[in-house]
Amino acid sequence: MATRLDNVVVDAADPLALAGFWSAALGVPISYHDENEVDVGLPGFDLVFVPVSEPKVEQNRVHLDLASQSADDQAAIVARLLLLGAEHADIGQGPDVPWVVLTDPEGNEFCVLEHRDEYSGIGPVAAVVVAAQDSLAQARFWAEATGRTVTRSGPDWASLPGEAGAWLEFVHSPATRAAKNRVHLDVRPRPGDDQAADVARLLAAGAVPADIGQGDVPWTVLADPEGNQFCVLRPAATSIRTGD
């Protein structure tokens, strides 16, 4: 049994408009659209926007790092994103970091990285980055949740490359979560696997059940060992909201 990263899900006041921004930003089309969600398909996972009424109240604990191929390419990407509606953001990164921090039109933080060899050729998104109090412990849990392997780590970070597309990375942050995560991960059992058995496996690995008001839905909501909510989907579906 093994689950894999299937979606990065973003709460949105206007899912279609926000998906339109990210579709243009990443140069990939909207791949699915109904009244419950809008999807932008990427190598390795879908970026999924779902409607919520609650406003954003804190810095997201999950964000995207975008790849670039050179200093000129990084500058061009930033300029294009600003024209699309992004804004510069100060999250305490300081003036000397080589990456650029921006927010999308609904205030979700993301970074445009300088060129890094390890991200060459994997697509527009270099990494899905999760803030962690214990980055290595979190990476080990998510290795179990996604079937990936921790290949690199340091004192305050750990990385899990995927078979395709963006890396999954955990970076130390002392901040604690004060509200429901506005960006969360979905994992999905592989074809033929059993959703309930995978839920039990993740509970044994350190997850706990979570109630975010989801009601009677075909997916199971859990929280990882640091309290980040995530969903375990059924083995096959088109819409994450309906389970079809």
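How many of the seven residues of strand β4 are buried?

1. Strand β4 (residues 45-51) is mostly covered, with five of its seven residues buried, where buried means under 20% relative accessible area, exposed over 50% and partly exposed in between, for a 1.4 Å probe and protein chains only. Strands here are DSSP runs of E with at least two residues, and they are numbered from the N terminus.

2. On the basis of the note: this is a predicted model, in which local features need pLDDT of at least 70 and side-chain atom pairs count only at pLDDT 80 or more, while totals for chains, interfaces and linings use all residues. Residues are numbered from 1 along each chain as its sequence is written, and side-chain values use heavy atoms, with hydrogens and water left out.

3. Strand β4 pairs in the parallel sense with β1 (residues 3-12) over six bridges, pairing being assigned if DSSP finds at least two bridges between two strands; within this pairing, aspartate 11 has valine 50 of β4 as its bridge partner. With β3 (residues 38-42), strand β4 runs antiparallel and is joined by five bridges, and here valine 48 of β4 is the bridge partner of aspartate 39. Strands β3 and β4 form a hairpin with two residues between them, and glycine 44 in the turn has a positive phi of about 95 degrees.

4. Aspartate 224 sits in the loop between β15 (220-223) and β16 (229-232), and counts as buried at 3% relative accessibility. Its side chain makes a polar contact of 3.1 Å with the side chain of tryptophan 142 (N or O atoms within 3.5 Å; within protein, one must be able to donate a hydrogen and the other to accept it, and residues adjacent in sequence count only if both atoms are side-chain atoms). A polar atom of the aspartate 224 side chain also lies 2.8 Å from the backbone nitrogen of glutamate 226.

5. Rings of Phe, Tyr and Trp (its six-membered ring) pair if their centres lie within 6.5 Å, with planes under 30 degrees apart counted as stacked, over 60 as edge-to-face and the rest as tilted; by this rule the count comes to seven aromatic pairs. Phenylalanine 21 and tryptophan 22 form an edge-to-face pair, 5.4 Å centre to centre with 90 degrees between the planes, and both residues are buried. Tyrosine 119 and tryptophan 167 are edge-to-face because their ring centres are 5.8 Å apart and their planes at 90 degrees. Since tyrosine 119 lies in the loop between β8 (109-112) and β9 (125-132) and tryptophan 167 in strand β12 (residues 167-172), this pair ties together parts that are 48 residues apart in sequence.

Definitions and conventions:
Helices (H or I, at least four residues) and strands (E, at least two) are DSSP runs, numbered from the N terminus.
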